[in-house]
Amino acid sequence: MVQLPEYERIALVLQGGGALGAYQAGVFEGLEQAGVAPNWISGISIGALNTAIIAGNPPGQRAQRLHEFWDTICQPNNGFGLLPWVEQSLFRLNDLARSGLSAMYGMSAMMDGQKGFFTPRFPPPPVYTPGSVDQTSFYDMSPLRDTLLRLCDFDLINSGHLNVSVGAVNVRTGNFTYFCNDRHHLTPEHFMASGALPPAFAPVQIDGEYYWDGGIMSNTPLGYVLDAEVNADTLVFQVDLWSARGHLPDNMMQVYDRVKEIQYSSRTRLVTNQWARMQRMRAVMANVLKELPDQHALDAETLETARAIADSKHCNVIQLIYRDREYESYNKDYQFGVSAMRDHWKSGLKDIRNTLAQPDYLAMPDNDISFVTHDIHRIQSEKARKRKF
């Protein structure tokens, strides 16, 4: 069991990334095994669905329910997948075989959908002629509602036993919205809205408004968690499914893949850089107030604002970023093969175990801005470069 400093808030932040979301499930299983219990879970897209499974079950049952969820949605609707032992044998063969399986399961998802998740819409949606808003997608996501109701206790989610927030975009206004269990009564629709990525899925109606996947505007809730109104010493486990770093593409399929990686990963770096600057500003303000000969020379409102800015807490962001496999291509976020899912899960479990094995990663920040970030892959890369020289 891992011993943590006395953080007031432990947040698990889950990014979007479709089939890659099994990596997040592996990270959570590792946290649960280590006795690390987040008191705030926030997700977008597939991260929101993982959030529903975790928050909708009591401690001790969450990893099991995640397994049930992923074992369900990684089955094709009509059962045309390979026998498990055949798939496992091919997957273990080599990267060429794994690439072939990825192509097959990506095509299966497009043509057949995924069990308990989505089905192809028939007839197809209209392209130019007017139709129903609820039909404006290539797939019907209604099976997901039944899956969430089967695997999640929404009374538990709304009980406030932990903070839950999921992000979506209002289609009409273009505004980003967070649905939180301290302000909203969360239902399956709130989590489905966060995962309704167009044009695959239609917007989801909530209280008369329609919402799309939050990832089309910001694929990570990290900024929302860090900007929380209640200032508290915070430990964040930020689980990304897209790496900003990658290889130069040399064919068009790699171009599509690289664009998605950059598009969906960039916000994490932006948010952490902005927050570091904010923390430095807080530290400067605290020093200014300390050296100010007569604070009462300021009017009361200005002084109160300055003190609020200077009231800085500690913040530690631990980044866990999925790293691509050689066999993966542009379809990695929608190929739901069981073997690939288990590979992603195992990768998340390995990364969180390696991270928690570094005691200094979990320490309360003691630098001049009370803010640090850690990434086990970055440290490993730096060590590998040093060994070369």
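Q: Which strand does T177 lie in?
A: In this predicted model, T177 sits in strand β6, which runs over residues 176–180.

Q: What makes V166, G167, A168 and Y211 contacts of T177?
A: Contact here means heavy atoms within 4.5 Å. Leaving aside neighbours within four places in sequence, T177 is in contact with those residues: V166, G167, A168 and Y211.

Q: How far apart are T177 and P249 in space?
A: They're 35 Å apart, C-alpha to C-alpha, and 72 residues apart in sequence.

Q: Why is α2 called roughly parallel to α6?
A: Helix α2 (residues 46–55) and helix α6 (residues 142–151) pack at an angle of about 25°, with their axes 9 Å apart. Angles under 35 degrees count as roughly parallel, so α2 gets that label relative to α6. As for handedness, the crossing of α2 and α6 is right-handed.

Q: What makes the residues in the contact of α2 with α6 nonpolar, polar or charged?
A: On the α2 side you'll find L49, A52 and I53, and on the α6 side L144, L148 and L151. Ala, Leu and Ile are among the residues that count as nonpolar, so the tally is 6 nonpolar, no polar and no charged.

Q: Which residues touch the most other members of the largest nonpolar core?
A: That core has 70 residues, and the ones touching the most other members are L12, W70, F117, L148, F191 and F237. Helix α2 gives the most to this core, with 7 residues.

Q: What does F237 touch?
A: Not counting residues up to four places away in sequence, F237 touches a list of residues including I10, L12, V36, I318 and L362.

Definitions and conventions. Residues numbered from 1 in each chain as written. Predicted model: local features only at pLDDT ≥ 70, side-chain atom pairs only at ≥ 80, totals over all residues. Heavy atoms only, no water. Axes fitted to C-alpha atoms, helices over the stretch in contact; angles between N-to-C directions. Helix = DSSP H or I, 4+ residues; strand = E, 2+ residues; numbered from the N terminus. Parallel < 35°, antiparallel > 145°, perpendicular 65-115°, else oblique. Left-handed = near helix turned anticlockwise from the far one by under 90°. Core = buried A, V, L, I, M, F, W, Y, C linked by side-chain atoms within 4.5 Å. Buried < 20%, exposed > 50% of the residue type's maximum accessible area, 1.4 Å probe, protein only.
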